[in-house]
Amino acid sequence: MLSPASRLVGLCNTGDVDEGEAKGFGPVGGYRRKIIVLRKEGRLHAWLDACPHYPQGTPMAWRSNAYLNGDGTHIACHSHGALFDMQTGECVLGPCLGQGLTRVELTVNEQGEVFAALAEEEVTL
C-alpha cells in the first residue's frame, strides 16, 4: 500500500528489464537519485541507487547499468566492493554488512508500465 507521502513516477515498461538484469532509471520526476530495477525469478525489485556505506549514499554502478557483480548473482557497489542480495537488498559482503539498500515500491498498471512510489524527501530541493 502506498504511503500518503509518496508520489508515483514512471520508470519503464515490464519488458524493459529481462530476467537476471538490472537497469538504472532516472533521475526522474525531480528525484535526485536513479532507481535500480531488476528482475529476479520473474519478479521486479527496485532500489535507490545509493550504497549505505556513506550517510548520503554513493551511486553504485561504475558505468551505465553496471549494477550487478560479474556473475550476475548480486547487486554490487563498485565504489566499495559491497555485494547486496538481489531480492532483499541486504549487504552480504563488504563495508556495510548489517545494512541494506533502500527498497522502492513498484506499481505496474494493466499496460505493463512500471511506476515507482517515492517518498517526498527524495525530491531535489
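Two strands are taken to pair if DSSP finds at least two bridges between them, and in this predicted model strand S6 (residues 82-84) is joined to S7 by 2 bridges, the two strands running antiparallel. Within that pairing, Leu83 has Leu93 in S7 as its bridge partner. The pair belongs to an open sheet of 3 strands, ordered S5-S6-S7 and paired in the antiparallel sense. Its edges are formed by strand S5 (75-77) and strand S7 (91-93), each of which pairs on one side only, and neighbouring strands of this sheet are turned against each other by 35° on average, direction ignored.

Another open sheet, also of 3 strands, has the order S2-S3-S4 with antiparallel pairing. From one strand to the next the twist averages 25°. Strand S3 (residues 35-40) pairs with S4 over 6 bridges, in the antiparallel sense, and Val37 stands opposite Ala46 in S4.

The loop between strand S4 (43-48) and S5 contains Asp49, a residue that is buried yet has no salt bridge. What is the nearest side chain of opposite charge to Asp49? That side chain is Lys34, which is 5.8 Å away, whereas a salt bridge would require a side-chain nitrogen of Lys or Arg within 4 Å of a carboxyl oxygen. A polar atom of the Asp49 side chain does, however, lie 2.8 Å from the backbone nitrogen of Met60. Leaving aside residues up to four places away in sequence, Asp49 touches Arg33, Lys34, Ile36, Thr58, Pro59, Met60, Ala61 and Tyr67.

How values were computed. Residues numbered from 1 in each chain as written. Predicted model: local features only at pLDDT ≥ 70, side-chain atom pairs only at ≥ 80, totals over all residues. Heavy atoms only, no water. Helix = DSSP H or I, 4+ residues; strand = E, 2+ residues; numbered from the N terminus. Axes fitted to C-alpha atoms, helices over the stretch in contact; angles between N-to-C directions. Buried < 20%, exposed > 50% of the residue type's maximum accessible area, 1.4 Å probe, protein only. Lys, Arg positive; Asp, Glu negative; His and termini not counted. Polar contact = N/O pair within 3.5 Å; in protein donor to acceptor, adjacent residues only side chain to side chain. Contact = heavy atoms within 4.5 Å.
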